Amino acid sequence: MGYPFQYIEEKWQAFWAEKQTYKVEQPSDKPKFYVLDMFPYPSGAGLHVGHPLGYIASDIVARYKRHKGFNVLHPQGYDSFGLPAEQYAIQTGQHPAITTEANIKRYREQLDRMGFSFDWSREVRTSDPSYYRWTQCIFSLLFDAWYDKKEDKARPIDALIQHLERFGTTDLNAACDDDTPSCTAADWHGMSVEEKQIFLLRFRLTYLAETEVNWCPALGTVLANDEVVQGVSERGGHPVERKKMKQWSMRISAFADRLLKGFDSLDWPEPLKEMQRNWIGKSVGASVRFCVENSHREIEVFTTRPDTLFGVTFLTLAPEYEWVNEITTPSQKAEVDAYVKQAAQRSERERMSEVDRISGVFTGAFALHPITNEKVPIWIGDYVLAGYGTGAVMAVPCGDQRDFDFATHFDLPIKNIFKNVDVSEAAHTSKENTRIANSDFLDGLPVAKATQKVIEALAKNGMGEGATTYRLRDAVFSRQRYWGEPIPVYYVNGQPQLIPDECLPLELPKVSKYLPTPDGAPPLGNATEWAWDTTQNKVVSNDKMDNKTVFPLEKNTMPGWAGSSWYFNRYMDAHNSDAFASKEALAYWKEVDLYLGGSEHATGHLLYARFWQYFLYDFDFVPVENFAKKLINQGMILGESAFVYRIPDTQTYLSKGLCKGKKVIPVHVDVSLVSAQNELDIEGLKKWQPHFAEATFKLEDEKYIVGREVEKMSKSKYNVVNPDAICDQYGADTLRMYEMFLGPIEQAKPWNTAGISGVSNFLNKFWRLFHNGETFVVSDDKPTKESLRILHKTIAKVTQDIEQFSLNTSVSAFMIATNELTNQKCNHREILEPLIVLLAPFAPHICEELWSLLGHNESVTTASYPVANPDYLQDDTKAYPISFNGKMRFTLELSTSLSKDEIETAVMQEERTQTYLDGKTPKKVIVVPNKIVNIVV
């Protein structure tokens with residue numbers, strides 16, 4: 001009979017909730033430890049067994065640190081703004097808040113059942129107005145800030161205004177729009193209020209600007225790149241076009257260099273840091289300007305290879321480049337217009353990924369080479385993107401393979417500027433041992449010296465200079481959605497004005513429907529009360545809008561990453577109504593000591609969160625630049641999908657063994673309909689989905705055997721395993737330990753329910769150490785030295801494993817110790833009591849119960865962590881490998897206390913030694929105590 005896990009788990013979960021066992025006391029004299037999981041979006045499907053992997057690992061560490069005497073903050077909450085709830089609202093009319101609340105309730109039930117030590121008193125929800133009030137405040141702070149490159153930090157916009165009033169833009173080194181004009185102090189004072197506002201938008205860290213977006217007219221919204229597939233919307237298959245729209249953006253590019261340098265002090269996985277480095281994409285080279293022939297326009301390009309400037313044979317502009325229409329000649333206009341329209345229907349992702357696709361059109365215009373003054377034809381091509389760099393590239397076919405392919409395809413000249421290099425078949429892209437040729441004053445120079453010379457020449461004639469650029473683009477912040485944080489802005493004469501902080505939160509209004517309006521405005525355009533009265537400082541009816549004292553509010557909402565970019569700070573002081581967290585709380589907790597989450601957030605949440613933290617640090621709102629000291633990316637738990645095999649154009653399905661040599665279509669089926677032997681429940685399948693009801697199934701040996709494949713665990717693949725079912729059958733402690741036992745936390749591993757029985761058996765065996773049949777029996781007698789050795793070796797092993805995050809090997813250590821103690825029939829309190837504390841972080845329910853049965857009135861969480869006694873970590877004996885001429889022949893168990901001579905004597909007296917010597921006298925006996933013995937014959 002197994003231990004009564006259902007009773008035990010319900011009992012102790014109720015105890016923890018009633019006693020608020022995991023509520024954090026603050027302030028505290030204890031050292032702090034802050035462990036955090038990336039909070040979940042509460043989807044309608046609930047959790048599957050893959051979701052808790054990181055939560056279990058972090059919970060083990062949190063519980064371990066409590067035992068070690070730390071004041072542990074281990075909070076949880078919900079990233080509760082999200083598109084699925086809005087889509088459900090569009091379909092049903094049900095407010096997203098209702099859907100979200102129901103989903104959160106389901107998540108909470110599942111999380112509580114798994115015994116997590118979360119401090120639920122600090123729960124946050126990004127969709128709660130009391131939370132997003134502070135998200136809106138941070139937006140306002142960003143709006144009223146600029147980036148001072150001299151001081152390398154964000155500063156209040158008032159400091160910029162003071163500089164402009166005194167000096168204009170002279171001696172101003174600020175992050176700003178590329179086309180920001182210079183101005184004198186007199187120019188500034190001569191501007192109207194509105195002109196000043198427009199000018200300042202070029203510097204603000206959150207700003208309105210024309211941005212290239214994926215626009216779907218049918219859906220009336222902007223789509224992210226991953227929502228566009230082959231030029232149509234993923235949802236509904238509607239046409240999508242690239243167009244410029246006025247959008248809110250965040251000037252994250254100003255922080256690019258700091259984001260790169262910040263890695264030096266971060267204990268984060270190197271692959272993730274490399275992903276962010278590549279995303280930020282620092283490049284050092286030169287900015288070069290080409291004058292357009294018969295025009296006042298200049299085309300600026302950035303190149304990492306200024307040494308190849310004499311190899312330029314054409315320029316390529318992005319189809320969206322702002323002067324394409326202006327410079328295109330009449331004879332080329334029709335062709336260019338058609339190409340621009342075609343390119344607008346393709347997403348940036350498609351254009352970047354289709355490297356083998358070559359297309360482009362000649363504009364009919366020419367630029368002038370900045371040094372030779374030779375005419376250079378200007379083309380457009382969709383492999384150049386307006387949002388990357390300047391939207392223009394100088395094409396050097398001999399030194400860049402893509403340029404080479406383009407030139408070859410369109411029969412454009414390829415000028416060879418490399419000494420003793422053949423470029424007739426492919427471009428020469430290497431810098432090593434390369435010398436320049438056919439390049440005037442650069443001839444014979446290596447790349448580095450040629451680069452320096454070209455930059456000097458460009459600077460001298462005013463056509464360029466050395467430059468550093470970043471691939472990182474400013475982040476588009478507007479979303480044409482309903483279910484998101486309202487942007488706290490109203491408009492006066494088209495210019496954005498902030499709603500005062502004391503009037504926040506600006507809450508989402510009621511709307512009649514959640515789709516865009518008929519004229520294409522975002523869903524907030526459906527609100528009848530969405531105007532701001534500046535005399536009363538409140539939202540009023542649209543009917544009162546007069547553009548004198550009552551003005552229109554912003555109709556876009558914030559993106560999903562806004563609320564998750566600072567939530568880790570809110571947990572430090574979750575109920576503070578005067579600030580997002582008090583100075584005292586921030587000074588105590590400082591940063592997250594251990595952060596767990598998936599690497600898929602590398603260039604999203606983790607990048608934006610670093611950006612916002614740097615900004616808040618610059619304004620002295622937080623005490624540290626980096627919000628998370630250590631980060632661990634947990635791997636996925638993969639599902640084992642099941643497939644049936646349909647003959648095309650029929651409703652006949654072949655068992656797996658009958659498919660060989662036949663054309664079949666694999667179809668996912670629910671894994672719950674498949675036995676451990678891969679046999680399909682055909683009747684269950686017919687009831688599961690209607691289209692299987694009339695299907696024919698061809699069997700082998702009177703069974704239908706499904707195919708299996710390991711894939712990402714997903715509802716759409718019907719391979720999801722519900723943790724509730726595992727808890728029902730085996731208990732939460734078994735689930736927790738099995739997920740850890742599957743393998744290293746960082747690696748992906750397949751789920752196999754059949755394997756869980758081993759962990760279940762272990763916990764039952766552990767329970768029986770304390771019981772004789774049904775009776776709880778623990779002895780106060782002195783344990784054997786061998787039992788003490790097992791205990792202290794296990795303490796040392798598990799402690800080291802937790803510190804190194806090798807939690808899978810900890811589970812193995814517990815199993816080995818339990819087996820050895822069972823064989824010794826050990827039931828001694830001196831052994832079992834510390835063993836309970838050691839196991840408690842992994843299996844808290846069973847350990848609470850056993851701790852209570854030992855007579856303790858306090859929770860096991862209050863117990864001090866056991867310390868390994870070094871006296872018991874050394875073995876009394878050592879199995880020596882005995883070698884003859886370096887070849888090991890047998891092992892001999894000897895006391896570790898023996899001297900070198902005593903070891904040699906014991907070996908030589910061994911009967912097996914004499915057998916191998918066969919009467920010969922050893923030339924030498926090499927003894928290395930506690931290592932080896934080698935007899936040289």
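Helices, of at least four residues, and strands, of at least two, are DSSP runs numbered from the N terminus. The structure shown is a predicted model.

Before individual residues are considered, the whole chain deserves a look. The protein chain contains 28 helices and 36 strands, and its C-alpha trace spans about 100 × 80 × 70 Å along the principal axes. Of its 937 residues, 52% are buried. Among contacts with a separation of 6 or more, 70% are between residues 24 or more positions apart. The accessible surface comes to about 42500 Å², and carbon and sulfur atoms hold 48% of that area. As for charge, the chain has 102 positive and 124 negative side chains, with the centres of the two sets 3 Å apart.

His-691 may now be examined further. Its relative accessible area is 41%, so His-691 is classed as partly exposed, a class that lies between the limits of 20% and 50%. Leaving aside residues up to four places away in sequence, His-691 touches Gln-651 and Tyr-653. Gln-651 is 40 residues from His-691 along the chain, yet the C-alpha atoms of these two residues are separated by 8.6 Å.

Arg-346 is placed between helix H12 (333-343) and helix H13 (348-353). Arg-346 counts as buried because its relative accessibility is 12%, and the class of buried residues covers values under 20%. The side chain of Arg-346 makes a polar contact, at 2.6 Å, with the side chain of Asp-382.

The cysteines remain to be discussed. A disulfide is a covalent bond between the sulfur atoms of two cysteines. How many disulfides does the count come to? The count is 0, under a rule that requires the two sulfur atoms to be within 2.5 Å. Cys-503 illustrates the reasoning: the closest cysteine sulfur, in Cys-137, is 11 Å from the sulfur of Cys-503, which is too far for a bond. Cys-847 is likewise in no disulfide, and the nearest cysteine sulfur, that of Cys-826, is 16 Å away. With a relative accessibility of 0%, Cys-847 counts as buried.

Note on methods:
Residues numbered from 1 in each chain as written. Heavy atoms only, no water. Buried < 20%, exposed > 50% of the residue type's maximum accessible area, 1.4 Å probe, protein only. Contact = heavy atoms within 4.5 Å. Areas by Shrake-Rupley, 256 points an atom, 1.4 Å probe, with all protein chains shown as cover. Lys, Arg positive; Asp, Glu negative; His and termini not counted. Charge placed at Lys NZ, Arg CZ, Asp CG, Glu CD. Polar contact = N/O pair within 3.5 Å; in protein donor to acceptor, adjacent residues only side chain to side chain.
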